[in-house]
Amino acid sequence: SVDDPSVAAWLGLISLALRPADSWAFGEFDLWALVLRSIDALGLRSPAAGEVAAYTAMTLCAVSQFSPSSGLSSSSPRLHAYWPVVFRALDPIQPDAVALDGSLSNTALARRDRYLWTQFARCLLLVDRWAWTLDPKSDVLAKLAAIINARHLANLSIERSSDFPPFLPALIAGDPNPPFATTDTTFHLFLKLVSRASSSISGKALTRMLVRVAPTSAGGWTRTSAEVQRGESVLVNHYSLLLTLAALIPAAASSRLDQARRLVAFAEVDKHSRIATVRAIVCFADVLRKSGAGIKRVVDWLADAAGQLRIEYGELDQRKRTDGKKKLARSGTSPLEERALLLVIVLRSVGKILQCKPDSGTAAAYPDLGLLHPGGAFPHERVIFKLTLRAPQPGPHSFSTRPSRSTPSQGRRSSPASRTSSPRACSPYTRPSSSATARTSSASSTLTRTTPR
């Protein structure tokens, strides 16, 4: 019940503002204008004034849930969205200043980044819990996009995760309303806001909104590019944004795939960037298959990556034969072992693509032969023989968060049920475990020591 006199007074103003327009001259716009004038009268500076406005907005949403007649709370607020009051907290933030991290101490940087995360989380909470509709034309979404782009989509200093968003499978499956989670990074919160805003529009309006938030990088990154040196999150977040845009407009998925393919020069990036690229390829296969489009471009992309690794593996293997055996370093893996690990990941990514089923739920047709031998671009038969027979089970970069099922014992045929993959079996959205990577590294070391002549 409502016992506090100030809450009762605000509830009375809200009830007056929500009355039909033809019966009262005081509406919701007048209520919010009164709130902003009252905050201005306090004489506070930014960002304090913006925080007061944001807290007041969320408080009024909570008060509006009460009934003026009974004083009991309902399950949903009655006030509608009014984003200018939230923009008061975003307006003082300068995107150019947010892009600079080296000029601040670690303590000041952590405080600034926590404040930035709060701004993004507050916007999503207003949409998720207080039923505010995010207008794609509002200044709020444009401001958030400017902050993200100023940082080249890099994570904040307080965010340690550089992985694909866990809600991407649901988004690709057709759910544009992922809920708020406290574990979300700032970029993940932004993707959720873009997805929520897109659910209320369609056609040209949706296309214009997505063009505003699409990455503008020219691509062609190498290991010396500034984007790669800023951290793994830059590349992963670029792939995640392009995957989100492709899922929201399936008709443009092929063009988004081409844009993603131009991001990095696969032959000139490090191992982590290559693994992120292979995972993005499998994700795009899921998007294109769900949209009904063919996966030929995905096959070509994966084949090019496998062909590059095949060339590097052959050159390193030949060099090892010429130079003779050398002792490996005590920590880390040799370049030959690294290529063997990457080839294992590529080959098992093909298996993940084959396990993905069409959105119709019917049995998948026989896979494209290009996945088995796309113009001879996949590794040579001798390399395939070594990697597939010597690699450990279950697979190293098993992209599913669900534990792998036990394999049938030798000499016994597995049942059809055991051969059926789970719905998440083809989901490359979570980072592989370190133990699986260690097992694969050990196995790849065995491969390189048993190369048949």
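View 1. Cys 283 counts as buried, at 0% relative accessibility, where buried means under 20% relative accessible area, exposed over 50% and partly exposed in between (1.4 Å probe, protein chains only). Cys 123 is likewise buried, with a relative accessible area of 1%. A search of the whole structure finds zero disulfides, a disulfide being a pair of cysteine sulfur atoms within 2.5 Å. The model is predicted: local features need pLDDT of at least 70 and side-chain atom pairs count only at pLDDT 80 or more, whereas totals for chains, interfaces and linings use all residues. Residues are numbered from 1 along each chain as its sequence is written, and side-chain values use heavy atoms, with hydrogens and water left out.

**View 2. The chain as a whole.** The secondary structure comes to 19 helices and zero strands; helices (H or I, at least four residues) and strands (E, at least two) are DSSP runs numbered from the N terminus. Of the 453 residues in the chain, 46% are buried.

**View 3. The largest cavity.** The search of the whole structure finds one cavity of 30 Å³ or more, and the volume of the largest cavity is about 80 Å³. On a 1 Å grid over the protein atoms alone, a cavity is a set of points where a 1.4 Å probe fits but cannot get out, and lining residues have an atom within 4 Å of a point. Grid points are joined across faces, edges and corners, and the volume is the space filled by probe spheres set on the points. The lining includes Leu 116, Phe 120, Ile 147, Arg 151, Glu 159 and Phe 187. Helix H6 (106-128), helix H7 (139-150) and helix H9 (186-198) are the elements that give two or more residues to this lining.

**View 4. Surroundings of Asp 184.** Asp 184 lies in the loop between helix H8 (168-172) and H9 and is buried, with a relative accessible area of 6%. Its side chain is joined to that of Lys 192 by a polar contact of 2.5 Å, a polar contact being a pair of N or O atoms within 3.5 Å; within protein, one must be able to donate a hydrogen and the other to accept it, and residues adjacent in sequence count only if both atoms are side-chain atoms. Leaving aside neighbours within four places in sequence, Asp 184 is in contact (heavy atoms within 4.5 Å) with Trp 117, Pro 179, Leu 189 and Lys 192.

**View 5. Ser 255 in helix H13.** Ser 255 lies in helix H13 (residues 253-261) and is partly exposed, with a relative accessible area of 40%. A polar atom of the Ser 255 side chain lies 2.7 Å from the backbone oxygen of Ala 252.

How values were computed: 1 Å grid on protein atoms, 1.4 Å probe; cavity = no way out; pocket = protein on both sides within 12 Å on 5 of 7 lines; lining within 4 Å.
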